[in-house]
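Biologist: Could you walk me through how to read some features of this model?
Modeller: Gladly, let us look at it together.

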Amino acid sequence: MLNSYLTVKGEGEYEMVIQKSRFIAHVKRTTTEEEAQAFIQHIKKTHNNATHNCSAYLIGEQDNIQKANDDGEPSGTAGVPMLEVLKKKQLKDTTVVVTRYFGGIKLGAGGLIRAYGQTVSEGINATGIVERKLMTEIQTNIYYTLLGKVENEIRSSNYILKKINYLENVQVIVIVERGEEESFIEWMTNLTSGKGTISVHNQLYIEVNFPS
């Protein structure tokens, strides 16, 4: 699993007019090729009277699946430029579809490449980018007498306090960046003077906003 990667927030849309043609970017996070294809078909069905519904997607940790489709535009003027925007922004698990309603003015190959690339870029900016960071969930069981001190210290630190369970003892669940588990355990052991029981639990991705 990657320590971190970039992807889009969820799903978004952006429309612009270039030389009287309407270009509509549809953006969605997709984790499988099946999801990507389903999204593309949904857009094609929704905009079945459009001149073109061009698409591109990147799927997988190592961008294992990469596809681009010009949907009737001159070869290499739509899908590939769209895919290049995804690569330039270093996005993963992302599908984009650009719907074009022809406005009567031909753009030429260079104009099409710029138009599709710009539409995708603006669509991604409108949707938003997040960084997914791989984190580790660590649980510490402590006596109630230690809770005030431990909670205050955690909230003042760079660690993320996920949850506190009030049982016979208190369960304090903290999210720690991958690779910092040992330093956290040492820190928590010192904080509780060795009176806490610490256990490492699941790994999970946490999303933080990323400037597009």
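Modeller: "Buried" stands for a relative accessible area under 20%, "exposed" for over 50% and "partly exposed" for values in between, with a 1.4 Å probe and protein chains only. Keep in mind that this is a predicted model, where local features need pLDDT of at least 70, side-chain atom pairs count only at pLDDT 80 or more, and totals for chains, interfaces and linings use all residues. Residues are numbered from 1 along each chain as its sequence is written, and side-chain values use heavy atoms, leaving out hydrogens and water.

Biologist: How many aromatic pairs does the count come to?
Modeller: The general idea is simple: a pair of aromatic rings is described by the distance of the centres and the angle of the planes. Rings of Phe, Tyr and Trp (its six-membered ring) pair if their centres lie within 6.5 Å; planes under 30 degrees apart are stacked, over 60 edge-to-face, and the rest tilted. The count by this rule is 5 aromatic pairs. In one of them, Tyr-5 and Tyr-205 have ring centres 5.4 Å apart and planes at 75°, so this pair is edge-to-face.

Biologist: Which parts does the pair of Tyr-5 and Tyr-205 tie together?
Modeller: Helices (H or I, at least four residues) and strands (E, at least two) are DSSP runs, numbered from the N terminus. Tyr-5 sits in strand 1 (residues 4-8) and Tyr-205 in strand 10, so the pair ties together parts that are 200 residues apart in sequence. Tyr-5 and Tyr-205 are both buried. Now back to where we began: the ring centres of Phe-23 and Tyr-116 are 5.2 Å apart with planes at 85°, so that pair is edge-to-face. Phe-23 belongs to strand 3 and Tyr-116 to helix 3 (residues 108-127), so their pair ties together parts that are 93 residues apart in sequence. There is also a cluster in which ring pairs link Tyr-159, Phe-184 and Trp-187.

Biologist: Which residues of helix 5 are buried?
Modeller: In helix 5 (residues 181-191), the buried residues are Glu-181, Phe-184, Met-188 and Leu-191. Their arc around the axis is only 90°, which puts them on the same side of helix 5. The face turned away from this buried side carries the exposed residues Glu-182, Glu-186 and Asn-190. Strand 7 (129-142), helix 4 (147-155), strand 9 and strand 10 (197-210) are among the elements that cover the buried residues of helix 5. After helix 5 comes Ser-193, with a positive phi near 55°.

Biologist: And helix 4, which of its residues are buried?
Modeller: Leu-147, Val-150 and Ile-154 are buried in helix 4. Down the helix axis these residues fall within an arc of 75°, so they line one face of helix 4. Asn-152 and Arg-155 are exposed residues on the face turned away from that buried side. The cover over the buried residues of helix 4 includes strand 7, strand 8 (160-166), strand 9 and helix 5.

Biologist: At what angle do helix 4 and helix 5 pack?
Modeller: Axes are lines fitted to C-alpha atoms, for helices over the stretch in contact, and angles run from 0 to 180 degrees between N-to-C directions. Here helix 4 and helix 5 pack at about 145°, with axes 11 Å apart. Contact means heavy atoms within 4.5 Å. On the helix 4 side it is made by Lys-149, Val-150, Glu-153 and Ile-154, and on the helix 5 side by Trp-187, Met-188 and Leu-191.

Biologist: Last one: where does Gly-79 lie?
Modeller: Gly-79 lies in helix 2 (residues 79-88). At 0% relative accessibility, Gly-79 counts as buried. Its C-alpha atom is separated by 4.7 Å from that of Asn-69, 10 residues apart along the chain. Not counting residues up to four places away in sequence, Gly-79 touches Ser-55, Ala-56, Ala-68, Asn-69 and Asp-70.

Methods. Arc of directions from axis to C-beta.
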